Amino acid sequence: MFYSLDILGTIAFAISGVLVAFNKRMDLFGVLIIAFVTAVGGGTLRDLLIGETPVSWMKDMTYTYVVLGAAFFAIVFRRKINYLRTSLFLFDTIGIGLYTVVGIEKGIIAGLHPVICIALGTITATFGGVIRDILCNEIPVIFRKEIYATACILGGITYFLLSNFPIQNDIVFIIAGIVVIVVRLLAVKFKIALPNIYSR
Amino acid sequence: MFYSLDILGTIAFAISGVLVAFNKRMDLFGVLIIAFVTAVGGGTLRDLLIGETPVSWMKDMTYTYVVLGAAFFAIVFRRKINYLRTSLFLFDTIGIGLYTVVGIEKGIIAGLHPVICIALGTITATFGGVIRDILCNEIPVIFRKEIYATACILGGITYFLLSNFPIQNDIVFIIAGIVVIVVRLLAVKFKIALPNIYSR
Amino acid sequence: MFYSLDILGTIAFAISGVLVAFNKRMDLFGVLIIAFVTAVGGGTLRDLLIGETPVSWMKDMTYTYVVLGAAFFAIVFRRKINYLRTSLFLFDTIGIGLYTVVGIEKGIIAGLHPVICIALGTITATFGGVIRDILCNEIPVIFRKEIYATACILGGITYFLLSNFPIQNDIVFIIAGIVVIVVRLLAVKFKIALPNIYSR
């Protein structure tokens, strides 16, 4: 079940990459690369930082097939993709929830400090989008708006708080992922943003 | 023979970095760094992804000497470098051919899937230019025009198709490299581009 | 003593990241990330290139605490931070001196060629700022002005020249760091720049 949700996130990230690449009027190859980088970039940086090489997408072909499939779908139905924006937002939100927890687990396996594990989960969930924006010559969107990374961090904190209690690890995993998703949904619904640090 | 052609590619990539850095009016140090990154960036990313560290240019000084030599040459003869543009294009094309095959071979040695090996070859050949463009604050040129990465991919496919036949590995190596070079030359000569995915 | 000076550099780099992020009007999370990346980015790239993973800041929490502390300080006192600019410049200069020597030592331990060790020291000292500028969508400042990387390189050359003499390693370490610092201070004081390679 986790695995198929992880795939939903990969699909959503790939399609979000296609949409950004379209806006920059990239060619077919550029669109595919941006889709790929958006979907696997966060996990790749995570694997590099902890030294787990070759990185995940090089060892498991599922990522490649899913990204290529999602990207071709988005290219073929590019005129209709706007109708999908709400579904995409949901996929993307599920994706960051799952990616966050996967990153945290990898950090725990590598024996890292909880704070570093949370950072690793957040990197897994958000840096695909950061690399996408850098390749498209934009200031990464997560540095400018939306409680996005903050949702990942709150999910990570939940994970470590709950792991002090005698709860089964799979349940902690699920709850932490749900916290990420719910925080993001609430933040977008109620337009909650980080406190403004600039004087008007 | 392969080795000296590889050096030709390194020279061409270094000089192309110098030319882009000139356009941005970078200082001497900036020009040298951009030359270096353009020439070794693709191979460095490849080495990081498969976990072959320290990365190649740290273990073999040839790259450093060749890049510094080519960059100083380009800086000294900067007023005349335009006469060399055709030769540079040829060097660069030979370079991506060689870099593609070197990347594929490294992927095979690391035991990766053929599709991933082709990706690795393409990364080796193209990401030096991508990092160059990012450092110069441009959208990477390979995402916007020219059949460049596509030539690498076609060369990679040729490699794996031919390796099913009882042909000596060195010959397959040479043919795949030649396919990359010929596809690129034909694409530029006949102005062949990827299909336009945008409506006019 | 070295350790606390290293921390001074980390503080200075973190605060310089905060200041650049302010100029881009990033949100709180963006400011913290840019501070972190500026302070640890150079060391992270160094660790990745030589294959020392997990990278340093994942194994030693000091970096995380120092960066978060410095960033919160800079955010809270953001209206007064301008009074600190001279101190910051001094910290930053001490920081590149220390970071350069730390990078060189890591290269020597990894058994690399002196020229590569100097490159590694320079990467450690300067690439945090390069990544900061890329994330902020600017051409990296070190490619455009100031003898900054050049100071690191001169310090590195000093290190290897002196290590041929029967001088204690710690002393060589200190002198090389001081060379970086003094070259930078003199360059800024007397407005020394690299030779202009562009015709007017």
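Biologist: How many residue pairs are in polar contact across the interface of chain C and chain A?

Modeller: One residue pair, with both residues at pLDDT 80 or more. Keep in mind that this is a predicted model.

Biologist: And what's the salt bridge count between chain C and chain A?

Modeller: Zero salt bridges between chain C and chain A.

Biologist: Which elements of chain C make up the side that touches chain A?

Modeller: Helix 1 (2-23), helix 2 (28-50), helix 3 (56-59), helix 4 (62-76) and helix 6 (114-135) of chain C each give two or more residues to that side. Helix 2 of chain C gives the most, with eight residues.

Biologist: How many residues are in contact between chain C and chain A, and how much area do they bury?

Modeller: 29 residues of chain C are in contact with 29 residues of chain A. The two chains bury about 2,500 Å² between them, and 72% of that is on carbon and sulfur atoms.

Biologist: Which residues of chain C lose the most area to chain A?

Modeller: C:Phe29, C:Met58 and C:Leu135, which together account for 26% of what the chain C side buries.

Biologist: Okay, switching to chain B. How many of its residues are in contact with chain A?

Modeller: 30 residues of chain B, and they are in contact with 29 residues of chain A. The area buried between chain B and chain A is about 2,500 Å², with carbon and sulfur atoms giving 72% of it.

Biologist: What about salt bridges and polar contacts across the interface of chain B and chain A, how many of each?

Modeller: Zero salt bridges turn up there. For polar contacts, one residue pair is found, both residues being at pLDDT 80 or more.

Biologist: Which helices of chain B supply the side that touches chain A?

Modeller: Helix 2 (28-50), helix 6 (114-135) and helix 7 (149-162) of chain B each supply at least two residues. The largest share is from helix 6 of chain B, at eight residues. By class, the side of chain B that touches chain A divides into 21 nonpolar, five polar and four charged residues.

Biologist: Where do A:Glu52 and A:Lys106 lie?

Modeller: A:Glu52 lies in the loop between helix 2 (28-50) and helix 3 (56-59) of chain A, and A:Lys106 is in helix 5 (residues 85-109), so the pair ties together parts 54 residues apart in sequence.

Biologist: What about the peptide bond from A:Thr53 to A:Pro54, cis or trans?

Modeller: That bond is cis, with omega near -10°. A:Pro54 is in the loop between helix 2 and helix 3 of chain A. In chain B, a cis peptide bond joins B:Thr53 and B:Pro54, with omega about -10°.

Biologist: Which residue has a positive phi although it is not a glycine?

Modeller: A:Arg25, with phi of about 50°. A:Arg25 sits in the loop between helix 1 (2-23) and helix 2 of chain A.

Biologist: Last topic: which residues of chain A does UniProt list for "transmembrane region"?

Modeller: The unreviewed UniProt entry lists 6-22, 29-49, 61-77, 84-102, 108-135, 147-165 and 171-190 of chain A. In the model, residues 61-77 of chain A are 88% helix and 0% strand, with end C-alpha atoms 24 Å apart. Residues 108-135 of chain A are 86% helix and 0% strand, and their end C-alpha atoms lie 31 Å apart.

Note on methods:
Residues numbered from 1 in each chain as written. Chains lettered and ligands numbered in written order. Predicted model: local features only at pLDDT ≥ 70, side-chain atom pairs only at ≥ 80, totals over all residues. Heavy atoms only, no water. UniProt positions renumbered as here; feature names shortened; annotations may be inferred. Helix = DSSP H or I, 4+ residues; strand = E, 2+ residues; numbered from the N terminus. Contact = heavy atoms within 4.5 Å. Buried area = accessible area lost by both parts, 1.4 Å probe. Salt bridge = Lys/Arg side-chain N within 4 Å of Asp/Glu carboxyl O. Polar contact = N/O pair within 3.5 Å; in protein donor to acceptor, adjacent residues only side chain to side chain. Nonpolar A, V, L, I, M, F, W, Y, C, P; charged D, E, K, R; others polar.
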